[in-house]
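Please read them with the structure open.

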Amino acid sequence: MNSILLIGGTGFLGSAVVRELARRPASANFQFTLPTRRREKAKHLLVLPTADVVDADVHDPATLAWLMQGQDAVISLVGVLKGGEGQPYGQGFARAHVELPRKIAAAARAAGVRRVLHVSALQAAADAPSGYLRSKAAGEAVLREAGLDLTIFRPSVIFGPGDAFLNLFARMARIAPFFPLAGADARFQPVWVEDVAATLADSLQRAESIGASYDLCGPRQYSLRQLVKYAAAAGGHPRLVIGLPQAVAWLQAWAMEFIPNGPMTRDNIRSMRVASVCDSGCSLPFGRVATPLELVAPTYLHG
Ligand SMILES: NC(=O)c1ccc[n+]([C@@H]2O[C@H](COP(=O)([O-])OP(=O)(O)OC[C@H]3O[C@@H](n4cnc5c(N)ncnc54)[C@H](OP(=O)(O)O)[C@@H]3O)[C@@H](O)[C@H]2O)c1
């Protein structure tokens, strides 16, 4: 295996996967192709001599066909947290989580690229309460039906330098005297970005992962309230967290949908109705031991 196409590979997790693969001796000759909508956003990857960051619209079938040429594997990482409202899911979710995997499957088959790694989300299910989770489940189904050498990864929330979760709370704590929090009792089992990246890299080299689906979780479960308090304190600004009643949380999320890049949507609240935790406790495949949040988060939240 020499050439890997990472679709959605310029983001938080994709960048960690590229770094992880690039430093493994077994992948010394790997060449990575990373399509992006905005090349300047991927500056951190341009410095890697084996990474080719290209401006490309991955939703265009002809562009996808061109990107697939000569690849040995595809890693599919595109994900959006805001996809609009609607049934069975909003348009944005349908486009990124269902139609794109369908196009990836078709292009991979046409180009003879059999090996596909796909990143979904923990608790994705056809009957999940949110459009995000339902569309992620539909994307998994589309890829499963395509008859490829597929491995699916379903992480809980991912933490690490540059995450959009703990960093957001730590940043907000700098300006907010207290936290009025929606979904305060929602449960998560955060997993370290480097553990997720290493698991994907392992899987590329392990034939037994073909056809498997892995739920990925860290060692401990937390409520959202605990995580917000922790991030605020670790960032040097301990704050009081006040759980919002459901109706108020709903109104707050609705209002935030009108703010560009607002931190919450009604669909996010629906997602939090299912605990994003692994039934089997701490869970990483291939004998990996998950890294505790408390070991890593203070190193990047402080200051
Ligand atoms: N982070 C988490 O806590 C978490 C938890 C569970 C599951 N996941 C899943 O893990 C995957 C990676 O997440 P991440 O945190 O690395 O996300 P991220 O940092 O937001 O990166 C998303 C990537 O997808 C691309 N992308 C986003 N919207 C797109 C669109 N509409 N069309 C085409 N490309 C688009 C971006 O490319 P550009 O360079 O073009 O912007 C970027 O490379 C996603 O599928 C996500 O659902 C993440």
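1. Two residues are taken to be in contact if their C-beta atoms, placed from the backbone, lie within 7 Å. The model is a predicted one. Leaving aside neighbours within four places in sequence, V58 is in contact with I7, P35, T63, L64 and L100.

2. V58 sits in the loop that runs between β3 (51–55) and α3 (61–68). V58 has 21 C-beta neighbours inside 10 Å, so V58 counts as buried.

3. The largest nonpolar core has 95 residues. Those with the most contacts inside this core are L6, L13, V17, A108, A197, L200 and A231. Helix α4 (residues 91–111) supplies the largest share of the core, nine residues.

4. L13 is one of the residues with the most contacts inside that core. With neighbours within four places in sequence left aside, L13 is in contact with L77, V119, I158, V193, V196 and A197. A197 is itself among the core residues with the most contacts.

5. How are two packed helices described? They are described by the angle between their axes and the distance between the axes. For α4 and helix α5 (residues 131–144), the axes come within 8 Å and cross at roughly 5°. Angles under 35 degrees count as roughly parallel, and α4 and α5 are therefore roughly parallel to each other. On the α4 side the contact is made by F93, A94, H97, V98, P101, R102 and A105. On the α5 side it is made by G131, Y132, S135, K136, A138, G139, V142 and L143. The residues of this contact divide into nine nonpolar, four polar and two charged.

6. Helix α6 (residues 166–175) and helix α8 (residues 224–234) have axes that come within 8 Å and cross at roughly 60°. The two helices are therefore oblique to each other. Their crossing is right-handed.

7. Which residues of α6 and α8 meet? L166, F169, A170 and A173 in α6 meet L227, V228, A231, A232 and A234 in α8. The residues of this contact divide into nine nonpolar, no polar and no charged. A231 of α8 is also listed among the residues with the most contacts inside the largest nonpolar core.

Methods. Residues numbered from 1 in each chain as written. Predicted model: local features only at pLDDT ≥ 70, side-chain atom pairs only at ≥ 80, totals over all residues. Core = buried A, V, L, I, M, F, W, Y, C linked by C-beta atoms within 7 Å. Buried ≥ 20, exposed ≤ 12 C-beta atoms within 10 Å, placed from the backbone. Helix = DSSP H or I, 4+ residues; strand = E, 2+ residues; numbered from the N terminus. Axes fitted to C-alpha atoms, helices over the stretch in contact; angles between N-to-C directions. Parallel < 35°, antiparallel > 145°, perpendicular 65-115°, else oblique. Left-handed = near helix turned anticlockwise from the far one by under 90°. Nonpolar A, V, L, I, M, F, W, Y, C, P; charged D, E, K, R; others polar.
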